[in-house]
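Q: Could we go through this entry together, taking the general idea of each feature before its particular case?

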Amino acid sequence: MKGISLLIATFSVTALMTGCNILKKEGTTVNSDSKIVKTTTVTTPETPARPVTDEFLGEWSITEIYGDKVTVNGENHPKLSFQLSEDVPGALMVIGFNGCNYLNGTWKVTTAGIEPAGAFASTMRACQDAPYEFIMNKALDQVTGYTFGPDSTLELKNESNGTVMKLRKRLLSFLNGAWKIDTINGTKVPASADVKVVIDVDECKIHGNAGCNLLNGDVIVNLDKGDGIEFKNLATTRMTCPDIATEQQFLLALEEVDTAVQGATANNAVMKNSQGKTVLTMHRISAEELGDM
């Protein structure tokens, strides 16, 4: 069995060879003088297929390992991230976190399956509470295939086609940026309130104008759900103003948020509570519209 190294290593792999297929078709030409019909072969380039690696790209949370649900959430949740390898054309660089240590490896991915290009390397941190560390390492060593499922899910398979790991793609990157709140619990926000926020999913932060006071807080990505998000540790300045009631409604709604999805366009977003009720709608704004906050 392949093992996961306990040292950060440099991987050396053989470059993948790629080729270009062509389609051939028969055509005819006619000589007007001799009336001779001549058959010719015309070649046209085939439209290149979408690389099989494209669907992998991005960050995935691990939801099951060997059929057991992963229940740890927050910053210690096991995950995998796939990026195009800079060293091996057509291959994927695999960056993992097993709840304690970071892993690094390379996979050659084709329509037929996955071929690891050498063993994974790992950092050497010792953790007291990392229930999925060793079982995740074991599963990664056995991966030879994959299947994509609905709702941005991925199953990693062993050589017997058994599922060793299930993953769900993180779907919240669209929230990064500046937003203006349009409605709170179905009620339109008064123009005078001008509730605006900046969300940074990667840095797990939110800040902005709650309608009267400046707002700061933490973003918690719920990795048990592809679109799960919470806002915690919200703090504001302590001024009062005519729109303080709107601000209070906004803060209460923000604390209820359980999921976020794109709206009608990529420039709209909808936030819902745990019962699926829409509590906030908003649209993307520019830095100029954001102003100084």
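Q: What is the torsion about the S-S bond of Cys 100 and Cys 127, and is the disulfide right-handed or left-handed?

A: A disulfide is a covalent bond between the sulfur atoms of two cysteines, and here the term is applied to a pair of cysteine sulfur atoms within 2.5 Å. The bond between Cys 100 and Cys 127 has an S to S distance of 1.9 Å, and because the torsion about the S-S bond is about 85 degrees, this disulfide is right-handed. This is a predicted model, in which local features need pLDDT of at least 70 and side-chain atom pairs count only at pLDDT 80 or more, whereas totals for chains, interfaces and linings use all residues. Residues are numbered from 1 along each chain as its sequence is written, and side-chain values use heavy atoms, with hydrogens and water left out.

Q: How many disulfides does the structure hold, and how are the bonded cysteines paired in sequence order?

A: There are two disulfides, and when the bonded cysteines of the protein chain are numbered in sequence order the pairing reads 1-2, 3-4. In the other bond, Cys 212 is joined to Cys 241, with the sulfur atoms 2.2 Å apart.

Q: Which parts of the chain does the pair of Cys 212 and Cys 241 tie together?

A: Helices (H or I, at least four residues) and strands (E, at least two) are taken as DSSP runs and numbered from the N terminus. Cys 212 lies in the loop between strand S16 (205-209) and strand S17 (214-222), while Cys 241 lies in the loop between strand S18 (228-236) and helix H2 (244-256), so the pair ties together parts that are 29 residues apart in sequence.

Q: How many helices and strands does the protein chain have, and what share of its residues counts as buried?

A: The protein chain contains three helices and 21 strands, and 38% of its 293 residues count as buried.

Notes:
Buried means under 20% relative accessible area, exposed over 50%, partly exposed in between (1.4 Å probe, protein chains only).
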